[in-house]
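Me: I'm new to reading protein structures. Could you walk me through this one?

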Amino acid sequence: MQNKREVTLFWMLMAGLVFGLILSIIFAVSVGAVALSPRDVYGTILYRLTGWDIGGIENIGEGPLFDIVWIIRLPRVIMSVVVGMGLALAGVIMQATVQNPLADPYVLGLSSGASLGATFSIMIGASSVFTGFLANTGIAFWGFLGALGVSVLVFLLSSIGGRMTTSKLILSGVVVSSICSAFSNIIIYLNQDKSDIQSVTFWTFGSFSTATWEKLRLPTIALVVCFAFFLTQVRRINIMLLGDEAATTLGIDLNRLRRVYMVLTALLTAVIVCTCGIVGFVGLMIPHFMRAFTGSDYRRLLPATTLFGGLFLIWADIAARTLGASGKEIPIGIITSAIGAPVFMIIMLRRAYGFGGRD
Amino acid sequence: MDITTKGVSIKLSGKEIVHEASIRVRGGQMVGLFGPNGSGKSTLLKSIYRVLKPQAGEILFDDIPLEQIPRQETAKKLAVVTQFTTLNFEFKVSEIVLMGRSPHKKLLDKDTPEDFRIVRECLEKVNMLGLSDRKFSTLSGGEKQRVLLARALAQETSVLVLDEPTNHLDIKYQLQTMEIIRNLNKGVLLALHDLNMAFRYCDYVFIMKDGRVEAHGKPEDIIDEALIRNVYEVESRIYENPVTHLPSIAFLP
């Protein structure tokens, strides 16, 4: 039962994911309009990080090579890692909160709520309304309000008339999400003259093309804080998965935990959406893939999912950058939806997950 | 540990399901809660294991009011076996039983060899050790019920509450489950359907009707034809079973 083989397999999986993540980052930076050699890439990154010159690179730490690697491409690649990790983490936590493997920030409308909050704050010029601490977080703060509002609303809507069932949950998510995107699109169309409002495409399908080190700070902090917190919660989360009644008899205060988890996932989602727009389905499919390797035990699933989310989005972004004809980018959200929606369908079709609330 | 409810009333969506119910389970006693469908047995049990909050009355663990005990502490004193439900997530049998150890854990505690030993023992007690690596969803109803019993045992509490633990079970597993429960030497409070079980297994019984405790006492003292007519609204004869020499109930149509 204390299965040595499973423990070994888990650590091999984790090592593989970390290793894959590092290789993928280097590869992703080397791909682009100007193809770079991987050695130039990691040489430059190592030099910038540690000051260690691996040798054989001319003008290390300056010039066009440095600009391309460190200023243009690496922030974008790191952003795809952070966003992928964050969305996968938000998804896997939401699935525990509502005890349903179909939950995801996009499916349940949190992403739309966040984008409504963000566009609203740009419309009223929230960054000038607030001062001090809130001045810089204006957009993210409003996005957070939007996402939190949506998660509470969806939770309440799907609990109407007793038990929360999968169908009620998904329908509530669709309804609330549609309302939010309608309103945020209205705001965008009415404010197209404002320079700081992004296009509809940005909010609907997301983009990493504006990534800078500066923009990475907030999502990275949110990701690290949430990840560290949820790592301490894995035992409780496992018990939550057994259902409300069982969790209660095992000493879990469900109402309080649900509230805390909902606030944190809303926060994480909002910060991500405000940075790169809506990237759908990541939080749904990544945990689903990882369950095949780790099972439902969150002690393994949570870290594995988070790492794999980062890995996945690097490659989705590579696809977004390279698949488009004549150097035109495909929005990242189109790639993730093209892969994610079929995965959603597969999960839904599996009777084991009790779609429609059989129990 | 003793469990006492004093005048507990519970309303669900405006309707009073339990009315001023007072029951008591003394340490080590096996106490049965009987009554027809809808008499409020499950609802009363739910208030004891804190899924429902009573509108009136109080529930005491020894002499301490339940709401003064933190939830995790409750889970160290009282384990519960409810009717099994389907899980939305797939777990192995051993993983589910291991979760019974969680009330004894702080946030970052690891599972110790001791925990795994307890899990093995509990699975052995319910005859499920051979299936410990199986997926829960692949088990039969009776097997699921026994896994949940093993999980409750793994909590190592002094009191066990069971809501119709023998429902959906074959007669073999009904008897096996009841024998396991009786040999635990714990305080046990269980809701049951079959009054014949009372004579064989219960030290004390409470009979409920329409949310009220209608009668209580030792089964052989209080269960008679008049009580059955009153509570279950059927005619019956009670006779000594020639095989078991226990009182037995024959229901007459």
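Me: Leaving aside its neighbours within four places in sequence, which residues is A:L313 in contact with?
Reply: Keep in mind that this is a predicted model. Beyond those sequence neighbours, A:L313 is in contact with A:S80, A:V83, A:G84, A:F208, A:V279, A:V282, A:I332 and A:T336.

Me: Which residues touch the most other members of the largest nonpolar core?
Reply: That core has 166 residues, and A:Y298, A:L313, B:L160, B:I207 and B:I223 touch the most other members. Helix α3 of chain A, residues 63–97, gives the largest share, 20 residues. There's also a second, separate core of 27 residues, with B:V18, B:V25, B:L44 and B:A191 among them.

Me: What is the strand order in the open sheet of chain B?
Reply: Here's the general idea: strands of a sheet pair through backbone hydrogen bonds, either parallel or antiparallel. In chain B the four strands run in the order β2-β1-β4-β5, with antiparallel pairing. β2 (15–25) and β5 (64–65) of chain B stand at the edges with a single partner strand each, so one side of each has no neighbour in the sheet. Helix α1 of chain B, residues 41–48, packs on this sheet and touches β1, β2 and β4 of chain B.

Me: How many salt bridges are there between chain B and chain A?
Reply: The count is five. In one of them, A:E6 pairs with B:K92, and the closest N and O atoms are 2.8 Å apart. On the chain B side, B:N88, B:F89 and B:L107 lose the most area to chain A.

Technical notes
Residues numbered from 1 in each chain as written. Chains lettered and ligands numbered in written order. Predicted model: local features only at pLDDT ≥ 70, side-chain atom pairs only at ≥ 80, totals over all residues. Heavy atoms only, no water. Pairing = 2+ DSSP bridges. Helix = DSSP H or I, 4+ residues; strand = E, 2+ residues; numbered from the N terminus. Contact = heavy atoms within 4.5 Å. Axes fitted to C-alpha atoms, helices over the stretch in contact; angles between N-to-C directions. Core = buried A, V, L, I, M, F, W, Y, C linked by side-chain atoms within 4.5 Å. Buried < 20%, exposed > 50% of the residue type's maximum accessible area, 1.4 Å probe, protein only. Buried area = accessible area lost by both parts, 1.4 Å probe. Salt bridge = Lys/Arg side-chain N within 4 Å of Asp/Glu carboxyl O.
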